[in-house]
Amino acid sequence: AIGEVQRATASLGKFDKRLDGEAPVGGVRRRFEPNVLPADVERARNAKVFARMFDTSGAHTNVDVDVNKAVRSQRATLEQRERAEARAARAPKRRSKSGGKRR
């Protein structure tokens, strides 16, 4: 909590003083993998992903799929597409030369 207070009261680079025996403020550091990996490491990673994607043994098939939600989503997409097509069909092909409603 004291670390948050020290950071919150910082103004123009001036922070509160640290107390004796106070733990340093830590944070989560992000680690990035190198852009270039040895070919065998990359091949092994790709093989692992491929095995998980196309595994038929049942080891990775315990993903819960809400079938009703999927069907509702598909129906909503189809209905939206049909409404857009109907709207386009009944829309006038061109506006009148007199300018429409404003005269």
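Okay, let's start with a term: a residue is buried when its relative accessible area is under 20%, exposed when that is over 50%, and partly exposed in between, using a 1.4 Å probe and protein chains only. Take methionine 53: buried or exposed? At 57% relative accessibility, methionine 53 counts as exposed.

Before I go on, this is a predicted model, so to speak about local features we need pLDDT of at least 70, and for side-chain atom pairs 80 or more, while totals for chains, interfaces and linings use all residues. Numbering starts from 1 along each chain as its sequence is written, and side-chain values use heavy atoms, with hydrogens and water left out.

Now the overall picture. The protein chain has 3 helices and 0 strands; both are DSSP runs numbered from the N terminus, at least four residues (H or I) for a helix and at least two (E) for a strand. Of its 103 residues, 3% count as buried.

How about confidence? pLDDT is the predictor's confidence in each residue, from 0 to 100. The chain's mean is 78, and 66% of its residues reach 70 or more. Where pLDDT is low, the predicted coordinates should not be read in detail.

Next, charges. A salt bridge is a side-chain nitrogen of Lys or Arg within 4 Å of a carboxyl oxygen of Asp or Glu, and by this rule we get 1. Arginine 45 and glutamate 33 make it, at 3.5 Å from N to O. Arginine 45 is in helix H2 (residues 39-53), and glutamate 33 is in the loop between H1 and H2, 12 residues apart. At 40% relative accessibility, arginine 45 is partly exposed.

Back to methionine 53, which is found in helix H2. Together with Val49, Phe50 and Phe54, Met53 forms a nonpolar surface patch with about 460 Å² of accessible area. Patches take residues with over 30% relative accessible area and no salt bridge, joining nonpolar side chains (Val, Leu, Ile, Met, Phe, Trp, Tyr) within 5 Å and like charges within 9 Å. Areas here come from the Shrake-Rupley method with a 1.4 Å probe. Phenylalanine 50 and phenylalanine 54 are both exposed.
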